[in-house]
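Here's a quick briefing for anyone meeting this structure for the first time. Have a look at the model, then read on.

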Amino acid sequence: MNDTRPADLGRAPGPIRELADLLASRGTPLREEALSGAPRGDRTLHATTPIGIVRVWTNSGYWGVDVALPGVGGFVDADVWAACAEGRKLARFDQPPPKRAVAWVRSLLEAPSLPPYDADCLTRIAGERVAGQGPATGRTLAWLVVAHIVFVVVALWGAAAFDLAILRIMGSLGVVSLVVLLVRPALQRRRS
């Protein structure tokens with residue numbers, strides 16, 4: 001293992017370890033970024049390169065790679081880049097798999113110069129992705145709350161009417177999920 005690579009990158013998928021080695025061999029090793037309040041094991045590493053800041057992150061065991069390109073407001077990944085290049089909306093809000101993300105970053109690093117890109121488009125689509133990852137809000141949250149309340153009432157009424165333990169359990173789980181649904185947006189705002 002390369003001494004300039006952070007030690008726990010050994011748990012990262014192979015393509016990410018290879019990217020870390022490539023960055024170190026080019027004199028721009030990944031460095032740890034302090035994350036206050038992050039769950040144990042979650043971290044962010046970054047390297048300042050000629051194409052911008054390459055970021056490697058891990059969240060709950062999932063690893064990802066993205067880049068802060070010059071003139072772009074925030075980090076973008078391979079899917080955001082492809083959506084802008086193809087003039088389409090980002091179909092999914094999932095992150096690209098590490099293998100594809102690393103291949104894209106490698107192609108940028110190995111190109112003689114950055115290919116032309118629309119910084120406004122990249123900023124907009126990356127912002128839409130971040131907005132789409134939050135908890136349900138507005139009308140969606142209202143419908144989910146109504147559906148949960150109906151479910152809880154029916155389950156608890158059925159438990160009382162038919163004296164079935166499974167309906168009491170379902171009603172209790174429905175109450176817990178309703179509380180989580182209502183508290184999650186507030187926690188997300190507080191965290192951000």
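Start with two helices: α1 (residues 14–25) and α3 (residues 98–110) pack at an angle of about 20°, and their axes lie 9 Å apart. That makes α1 roughly parallel to α3, a label for angles under 35 degrees. This is a predicted model, where local features need pLDDT of at least 70 and side-chain atom pairs count only at pLDDT 80 or more, while totals for chains, interfaces and linings use all residues. Residues are numbered from 1 along each chain as its sequence is written, and side-chain values use heavy atoms, with hydrogens and water left out.

**The helix pair**
- On the α1 side, P15, I16, E18, L19, L22 and L23 meet residues of α3 that include V102, V105 and L109; contact means heavy atoms within 4.5 Å.
- Sorted by class, the contact of α1 with α3 has 9 nonpolar, no polar and 4 charged residues.

**The core**
- In the largest nonpolar core, which has 36 residues, L19 and V65 touch the most other members; such a core is a set of buried Ala, Val, Leu, Ile, Met, Phe, Trp, Tyr and Cys residues joined through side-chain atoms within 4.5 Å.
- The most residues come from α3, which gives 6.
- Leaving aside neighbours within four places in sequence, V65 is in contact with residues including I16, L19, V102 and V105.

**A strand residue**
- T49 sits in strand β2 (residues 43–49).
- T49 is buried, at a relative accessible area of 9% (buried means under 20%, with a 1.4 Å probe and protein chains only).
- Not counting residues up to four places away in sequence, T49 touches L23, T28, V54 and L109.

How values were computed: Axes fitted to C-alpha atoms, helices over the stretch in contact; angles between N-to-C directions. Helix = DSSP H or I, 4+ residues; strand = E, 2+ residues; numbered from the N terminus. Parallel < 35°, antiparallel > 145°, perpendicular 65-115°, else oblique. Nonpolar A, V, L, I, M, F, W, Y, C, P; charged D, E, K, R; others polar. Buried < 20%, exposed > 50% of the residue type's maximum accessible area, 1.4 Å probe, protein only.
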